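Could you open the structure in your viewer and keep the selection tool ready? We will go from stop to stop, and at each one you will hear what to select and what to look for.

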Amino acid sequence: MVFKDPMRQEQSRKKARRDALIGMASLITFVIVCVVLVTNSSGWSTFQETFFNGDQFVESFPTLLQAFWLNVRIFLIAEPIILILGLLVALARTLRAPVFLPLRMIATLYVDVFRGVPTILVIFLLGFGMPALQLQGVPSDAIFWGTAALVLSYGAYVAEVFRAGIGSVHPSQTMAARSLGLSSFQTNRYVVLPQAIRNVMPPLLNDFISLQKDTALVAVLGPIEVLRRAQIDTSSNFNYTPYVGAALIFIALTIPMTRFADWVQRRTAKKRRAGGVA
Amino acid sequence: MANDSYLNVLGVWKSFDGHPVLRGIDLEVPAHSATVLIGASGSGKSTLLRCVNGLEAVDAGSVTIDGELEVTDFNTDLDAVRRRVGIVFQSYNLFPHMKVLDNITLGPVKVLKRNVRQARDQAMELLKRFGLDSKAQDYPDRLSGGQAQRVAIVRALAMEPEIMLFDEITSALDPMLVGEVLDSVRELRDSGMTIVMATHEMNFAREVADTVCFLNNGIVWEQGAPEELFGNPKQAETRNFLSRVR
């Protein structure tokens, strides 16, 4: 049975209503003051003209959206490859058998190198360097090498996320699995990895969001993705509204993703609390 | 050495970071008998059990199963040892991401290569035997400690082991839940399973054990039938330990 004093309930409802009203009033006042201050300041009209020009926006937005499709494609191709590469590298680093020593060393070296080098440097290096080789059978396409650079750079980060996840699974789980006669591989496959991946979903989604934005780095190689498009539109009209338009497009994609990541994080935390005894 | 014993532990030494835990321990466990290990925390009970199924490698000595399988031989396939030796831990160690039924069928399906339906039927039969069939589709976090520990027992039994090791399986449980887990062990003993059990439950040890071994300082300090060891301990250390746990 649940018993709640009706008098107390009425009082707490009243308090909640009052708090909501105060909050709303405070917010409205704040917004009005800001708008009045900004729009009355001396430079406002130039500022608005430069960054929030309606005509420029309407003119450039469709072309920006069209260019953004390239960012989406780069992301959609890079992400699954990054996940597989990251997982394989993380697994290679957990191998303990002596035959796998070279594999383990290569994986460690890869992570050390690509986590230490700025992503944009990798993009320059591959995007300009590889086509310069002019080798038979080696693609010279900027989009290809830009995507490859993103994959190599993010693969190292994601490998570390997976490795942390594997480390987060309690050793007693491995002990229990091995005690049932499962091999080391089977223990990883059926016991450790499923729990590890569940544990690292929030940081993985974070890296996805980061990658969505970093597809814009490929612009430095020349392909007309959304940032490059905005740059072209901007320099032809000496107006910066296209940059703001490009920013809005990124935000429209990353905000839902961020909220989703928050939701996954809360759910994982809840599950962990509930599963504490197991 | 008698060859009719199922498990033979001979002169096993084991240390951790230079700290000796087992100092040349000997143990013989006849088939279809229950051996109970008692002793203070840190006396080596858990370490001994882990050496028996190869979870810990010994520093010296030998562990032999069924007179033929040398657990301590470097060339022995430990997965083969573990198929024949079941173990249940203090902290249950169920797999939290799998339903109870899948926890139980994982070993039979992946290790023994049983087909899934056959493994499930067998798991359901075992669950029924231990009064857990209504929990088959639950995740481990929905179970009480006693239920979780009984599922862990069923999971080990599903591999059809020849011997079961119990490592203080009631130590993490609410006192109210200890009984149901001990009932499961009693049932197993009565069905003829070979059992080695480390425990602090002296009354239970007295009731089910064929042999009680008092571990002290990394060796079997004194052993005997329960009425003998509990009723008339020969060694001062044994008397001292028993007077403190009673």
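**Before you start**

What you see is a predicted model, in which local features need pLDDT of at least 70, side-chain atom pairs count only at pLDDT 80 or more, and totals for chains, interfaces and linings use all residues. Residues are numbered from 1 along each chain as its sequence is written, while chains are lettered from A and ligands numbered from 1 in the order in which they are written.

The names H and E come up at every stop: helices (H or I, at least four residues) and strands (E, at least two) are DSSP runs, numbered from the N terminus.

**Stop 1: where the chains touch**

**Stop 2: a helix pair in chain A**

Two packed helices are described by the angle between their axes and the distance between the axes. Select helix H5 (residues 119-133) and helix H6 (residues 142-168) of chain A: they pack at an angle of about 145 degrees, with their axes 8 Å apart. Axes are lines fitted to C-alpha atoms, for helices over the stretch in contact, and angles run from 0 to 180 degrees between N-to-C directions.

Show the side chains next. Residues of H5(A) including Val122(A), Ile123(A) and Leu126(A) meet residues of H6(A) including Trp145(A), Ala149(A) and Leu152(A). By class, this contact of H5(A) with H6(A) has 9 nonpolar, 4 polar and no charged residues.

**Stop 3: a residue in a chain A loop**

Go to Phe238(A), in the loop between helix H9 (226-237) and helix H10 (241-274) of chain A. Its phi is positive, about 50 degrees, although Phe238(A) is not a glycine. Is Phe238(A) buried or exposed? Phe238(A) counts as exposed, because it has 7 C-beta neighbours inside 10 Å. The cut-offs are 20 or more other C-beta atoms within 10 Å for buried, 12 or fewer for exposed, and in between for partly exposed, with C-beta atoms placed from the backbone.

**Stop 4: the six-stranded sheet**

Move to chain B and find the open sheet of 6 strands, in the order E6-E7-E8-E3-E9-E10, with mixed pairing. Two strands pair if DSSP finds at least two bridges between them. At the edges are strand E6 (85-88) and strand E10 (219-224) of chain B, each pairing on one side only. Neighbouring strands of this sheet are turned by 20 degrees against each other on average, direction ignored.

Select strand E9 (residues 211-216) of chain B, which runs antiparallel to E10(B) and is joined to it by 5 bridges. Asn216(B) stands opposite Ile219(B) in E10(B). In the loop between E9 and E10 of chain B lies Asn217(B), with a positive phi of about 60 degrees although it is not a glycine. Asn217(B) is partly exposed, because 15 other C-beta atoms lie within 10 Å.

**Stop 5: the four-stranded sheet**

Chain B also has an open sheet of 4 strands, in the order E2-E1-E4-E5, with antiparallel pairing. Strand E2 (19-30) and strand E5 (69-70) of chain B stand at the edges with a single partner strand each, so one side of each has no neighbour in the sheet. Select strand E1 (residues 5-16) of chain B: 5 bridges join E1(B) to E4(B), and the two run antiparallel. Leu7(B) stands opposite Ile65(B) in E4(B).

Finish at Thr64(B), in strand E4 (residues 60-65) of chain B. Leaving aside neighbours within four places in sequence, which residues is Thr64(B) in contact with? They are Asn8(B), Leu69(B) and Glu70(B). Thr64(B) is partly exposed, with 19 other C-beta atoms within 10 Å.

Key:
Two residues are in contact if their C-beta atoms, placed from the backbone, lie within 7 Å. Ala, Val, Leu, Ile, Met, Phe, Trp, Tyr, Cys and Pro count as nonpolar, Asp, Glu, Lys and Arg as charged, and the others, Gly among them, as polar.
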